[in-house]
Amino acid sequence: MESTVKEIPVVWYQAASCSGDSVSLLNSASPNVRNILIDEIIPGHHINLLFQMTVMAGQGEPVMEILRDAAETRKGGYLLVVEGTIPTAANGAMGSVGEKGGKPLTMVEAVDHLGRNALAALAVGTCASFGGIFAAEPNPSGSMGLADFLRSRGIQTPVINIPGCPMHPDWFTGTVAHILLFGLPRADQLDDAGRPLSFFGSQIHENCPRRPFFDAGKFAKKIGDEGCLYLVGCKGPVSYADCPARGFNNHTNWCIQAGSPCHGCTEPGFPDKLSPLYQKLTEERLARFFLS
Amino acid sequence: MQKIAIDPMSRVEGHLKIETVVDQGVVKEASVSGTMFRGFEIFLKGRDPWDAQRLVQRVCGVCPAIHGVAAAQNLDAAFGVTNLVPHNGRHIRNLILATNYLQSHILHFYVLAALDFVDLTAAADYTGDDADLKAVRQFLDRGAAAPFLPRYEGDYRLTREQNVRLARHYVQALRMRALAHEAIALFAGKMPHDVGVVPGGVTAGPTADKMLAYVTKIRAVREFIENAYLPDVLTVARAYPEYAEIGKGVENYLAWGAFDEDLHVDLAVRQRYFPGGVILDGKLSPADPHKVFEYVKHSWYTEECARAPAQGETAPAPEKPEAYSWLKSPRYAGTACEVGPLARTMIAYTAGNRECRTEVNALLSELKAKPEALKSVLGRHAARAIEAKRLGKMATDWALVLKPGEPFCAQSQVPEKGAGFGCVDGPRGALGHWIEIENKKIARYQLVVPTTWNSSPKDDRGLPGPMEQALIGAKVKDAKNPVELARIVRSYDPCLACSVHLLDARRNLTGVARIV
């Protein structure tokens with residue numbers, strides 16, 4: 001039977017990751033995971049999740065064929081999702097998935113091939129977006145974010161960054177819905193860091209429920225105190241995401257509401273630029289954001 | 001000799017590879033390799049110790065909570081506040097950890113392991129009115145199959161009704177594990193990678209409405225565990241009875257224990273709801289973190305890295321000739337030990353823990369099996385399900401003893417110089433963190449994680465790791481569909497994506513085979 005439902009093939013490749021963004025995807029509430037995996041994600045459209053290491057039934061050679069098939073027979077017709085960094089040290093020896101021609105297929109080779117042939121790529125999580133924690137100084141694995149990696153190899157496939165450690169599942173499903181309904185986001189719908197403005201356009205500090213404390217000069221001196229968390233290290237003033245309005249885990253809670261300073265996990269340069277995480281932004285630390 | 005590759009192995013966390021030498025359908029040799037290096041120990045050096053409990057959670061997105069707790073206990077010790085963590089702090093840490101056990105165990109059985117036993121396509125001709133099953137049928141009608149096909153074929157034994165029931169539970173399990181994460185987020189901000197656990201306690205105290213929301217969410221998860229998860233494990237056990245003998249492994253077990261019932265600074269004295277211990281050659285004794293030593297002969301690290309974790313080094317050597325893994329080989333008193341739900345169950349059962357014995361004996365009598373059957377693929381699944389049942393109850397109890405308005409975090413100072421360790425069991429087993437502080441900065445941070453115990457390569461004496469030993473002797477019926485090996489490997493719930501390589505001593509198979 002010919003299907004009337006338009007499908008979008010998706011290849012979700014985990015490079016050097018903790019799988020946290022895959023798990024966050026499983027936490028998606030609306031749409032829920034069933035909707036994403038099985039149903040039409042929006043009427044008339046469904047995702048054909050060809051490859052996803054955490055949930056797919058298959059393994060071994062048959063799933064490596066899926067990867068080859070996607071890059072060759074669906075050239076320019078699939079969305080590549082990359083989770084994790086691309087570890088480039090030691091010629092890519094620090095990360096491989098599967099084999100090619102009897103040798104480990106390094107993440108470097110796989111992401112190059114899949115990225116080169118994709119319609120567009122979504123970098124999910126801060127590692128894939130900007131390098132994140134695995135690229136923290138001294139970056140022993142030579143980890144790179146997806147866009148930097150592709151550009152360094154002259155690959156111009158559009159990349160949309162959906163950072164967060166982990167990403168909020170709504171940021172992913174919302175971006176996919178945008179692509180299905182309206183096509184790829186235009187340049188003016190992304191910020192300088194390649195993030196959709198609809199999710200990453202507002203500053204945490206400006207929308208923080210503890211902002212009135214800041215304005216009134218009432219500051220927490222230690223974890224657990226009432227007041228603005230600026231002095232215990234909050235990075236809300238230099239971080240952009242809609243966490244205050246959205247909340248994580250089906251809108252249950254988020255960092256500052258749980259008494260923790262924001263660590264700026266959606267920002268390029270996380271964690272180094274934002275560290276120490278529990279010490280206040282000094283002038284010298286703030287300068288990192290404006291001088292680089 | 002011939003090499004057959006099953007590469008990569010899906011439905012595990014991270015990246016791992018396994019090679020076995022098979023002769024006449026029986027595994028003769030096995031080697032397990034971690035294929036990913038990220039270098040936590042290296043990039044933690046020089047940082048503010050407080051940052052450790054946030055950064056180390058990124059070791060694993062499936063079980064971050066345990067790294068947060070181990071790191072916080074490590075820092076508690078280094079900061080000298082172990083016994084000052086307030087009542088609320090201790091209990092909230094316990095319930096964050098317990099709730100992540102629930103989500104991890106449910107995730108493991110249904111999302112990661114079940115597809116090796118359950119045929120979801122049995123829902124193709126479903127005619128009932130269950131919304132989830134109708135959705136599965138429509139999905140299959142559409143001709144769609146990814147990500148549920150392709151798969152290994154040939155050994156799906158459940159009846160149509162059983163397959164349909166487990167297919168329904170598979171979809172429900174997705175919701176239940178997300179609900180468990182919501183319950184954690186109430187106290188810890190978000191999951192994965194919580195922000196709630198800090199040195200001295202937690203970042204926020206309890207309120208009556210949070211306690212209510214928590215126990216309500218956990219009630220639904222508990223109902224699922226008791227009415228679906230445990231019965232489904234029994235269904236699989238009855239249909240695949242030989243897996244009560246397959247995958248026995250090393251029969252030495254190690255657990256640090258989990259869920260502090262007091263705050264004694266001496267780990268040997270501290271009481272934990274899941275008791276720690278070590279079983280070597282059938283004899284139970286208290287577990288001593290000082291008896292852990294890591295070997296690196298077969299790991300891509302310089303020889304200087306072979307040490308006790310408290311003095312451990314991590315210096316990569318990707319060209320090292322005899323190495324085949326990014327994992328080191330931790331050994332307890334020189335011996336390879338299995339860690340995880342089965343290890344904890346064996347230790348508690350041997351110690352005479354009443355609750356553990358009651359649950360385990362009930363399950364064994366249901367299956368008309370002897371305790372020896374626990375040491376197997378099915379035993380690991382059963383141990384996990386029993387833990388989930390017990391922790392569902394305890395998590396509720398711990399939530400209801402919280403005291404709104406009372407302290408939840410002890411103040412602490414980062415010392416100029418100090419050291420500590422945090423040894424505690426996560427869903428996948430014994431986890432140890434070791435820290436050394438100099439000039440108020442991290443001078444050394446070492447982790448020995450559960451999967452490193454289970455998936456470790458051979459040590460300097462050539463003794464294979466626990467998973468390697470479990471694979472040796474396994475029978476493989478069809479080298480093209482070596483589902484037997486996948487079932488053994490997944491029963492450990494490895495926190496690494498695996499690629500399994502079969503070296504077949506005799507047959508030359510087309511497609512997946514090649515000569516090495």
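Residues are numbered from 1 along each chain as its sequence is written, and chains are lettered from A and ligands numbered from 1 in the order in which they are written. In this predicted model local features need pLDDT of at least 70 and side-chain atom pairs count only at pLDDT 80 or more, while totals for chains, interfaces and linings use all residues.

Biologist: Which residues does Leu254(B) touch, not counting residues up to four places away in sequence?

Modeller: Contact means that two C-beta atoms, placed from the backbone, lie within 7 Å. On that basis Leu254(B) touches Val278(B), Ala287(B), Tyr332(B), Cys337(B), Val339(B), Ala343(B), Ala430(B) and Trp453(B).

Biologist: How do the residues of the side of chain A that touches chain B divide by class?

Modeller: The contact takes 73 residues from chain A and 76 residues from chain B. Ala, Val, Leu, Ile, Met, Phe, Trp, Tyr, Cys and Pro count as nonpolar, Asp, Glu, Lys and Arg as charged, and the others, Gly among them, as polar. The division is 37 nonpolar, 30 polar and 6 charged.

Biologist: How many residues does the contact take from domain 1 and domain 2 of chain A?

Modeller: Domain bounds come from an automatic or database domain assignment, which gives chain A domain 1 (6-199) and domain 2 (202-291). Their centres, taken over C-alpha atoms, are separated by 28 Å. Domain 1 of chain A supplies 15 residues and domain 2 of chain A supplies 13 residues.

Biologist: Which strand of chain B gives the most to the side of domain 1 that touches domain 2?

Modeller: Chain B is assigned domain 1 (1-36 + 464-516) and domain 2 (53-100 + 172-451), with C-alpha centres 27 Å apart. The contact takes 20 residues from domain 1 of chain B and 24 residues from domain 2 of chain B. On the domain 1 side, 4 residues come from strand 3 of chain B.

Biologist: Why are the buried residues of helix 9 of chain B on the same side?

Modeller: The buried residues of helix 9 of chain B are Cys356(B), Glu359(B), Val360(B) and Leu363(B). They are on the same side of helix 9 of chain B because they cover an arc, taken from the directions from the helix axis to the C-beta atoms, of only 95°.

Biologist: What do the buried residues of helix 9 of chain B pack against?

Modeller: On the other side of helix 9 of chain B, Arg354(B), Thr358(B), Asn361(B), Ala362(B) and Ser365(B) are exposed. The buried residues pack against helix 8 (341-350) and helix 10 (377-400) of chain B.

Note on methods:
Helix = DSSP H or I, 4+ residues; strand = E, 2+ residues; numbered from the N terminus. Buried ≥ 20, exposed ≤ 12 C-beta atoms within 10 Å, placed from the backbone.
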